[in-house]
Amino acid sequence: MDRQVFARLQNAGLEVLGWFTGSGPTVTEAFQPVVHIDATPVQRIPANAIDSSRRVFDAWKSHARDAAVLTTDGSFLLTVGLKYDWVKVRLTDTTDISALRDPEGELLIVARSLSGHHVCAVSTEEGEYWILEMDFHLQ
């Protein structure tokens, strides 16, 4: 695994389980409809809100659980950029997704269920954090 990817995920408090080699939507297939100009967030959190990092994580985790993105042990697939495949990770007691911000301070994560049926994302849009969801109907 790329050392920078591994370190970035570990710094966010995620347990890195390895590259995902299964089937389902690719990173690009999941990314495009979810993080799209016409996408409608299921929740918005002001970026300048007190404790916005914690609020974003709590909201994302709640939506990811409800959308069946997270397994019972907290595992899911995560994209670390369009040039990489899915990475299988697990939440820990120290997970802080705000540590996944890019160098410009933007937060963009796309998480996918192991089955590939569900995606839950966070993006920074117009001074807000948007929680976005998408279901995929696989054959």
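This is a predicted model: local features need pLDDT of at least 70, side-chain atom pairs count only at pLDDT 80 or more; totals for chains, interfaces and linings use all residues.
Where does serine 75 sit? It belongs to strand β3, which covers residues 75–78. Its relative accessible area is 2%, and since anything under 20% counts as buried, serine 75 is buried. The side chain also has a polar partner: it makes a polar contact with the side chain of aspartate 73, at 2.7 Å.

How far can you trust this part of the model? Among the elements of the chain, β3 has the highest mean pLDDT, 97, while helix α2 (residues 27–34) has the lowest, 84. For the chain overall, the mean pLDDT is 89, and 98% of the residues reach 70 or more.

Now zoom out to the whole chain. Its secondary structure comes to three helices and seven strands, and from the N terminus on the elements run α-β-α-β-α-β-β-β-β-β. The radius of gyration is 14 Å, close to the 14 Å that the globule rule gives for 139 residues, so the chain is as compact as a globular protein of that length. Along the principal axes, the C-alpha atoms fill a box of roughly 40 × 30 × 30 Å.

What about the inside and the surface? Of the 139 residues, 45% count as buried. If you take the contacts with a separation of 6 or more, residues 24 or more positions apart account for 63% of them.

Note on methods
Residues are numbered from 1 along each chain as its sequence is written. Side-chain values use heavy atoms; hydrogens and water are left out. Helices (H or I, at least four residues) and strands (E, at least two) are DSSP runs, numbered from the N terminus. Buried means under 20% relative accessible area, exposed over 50%, partly exposed in between (1.4 Å probe, protein chains only). A polar contact is a pair of N or O atoms within 3.5 Å; within protein, one must be able to donate a hydrogen and the other to accept it, and residues adjacent in sequence count only if both atoms are side-chain atoms. pLDDT is the predictor's confidence in each residue, from 0 to 100. The radius of gyration is taken over C-alpha atoms; the globule rule is 2.2 Å times the number of residues to the power 0.38. Contact means heavy atoms within 4.5 Å.
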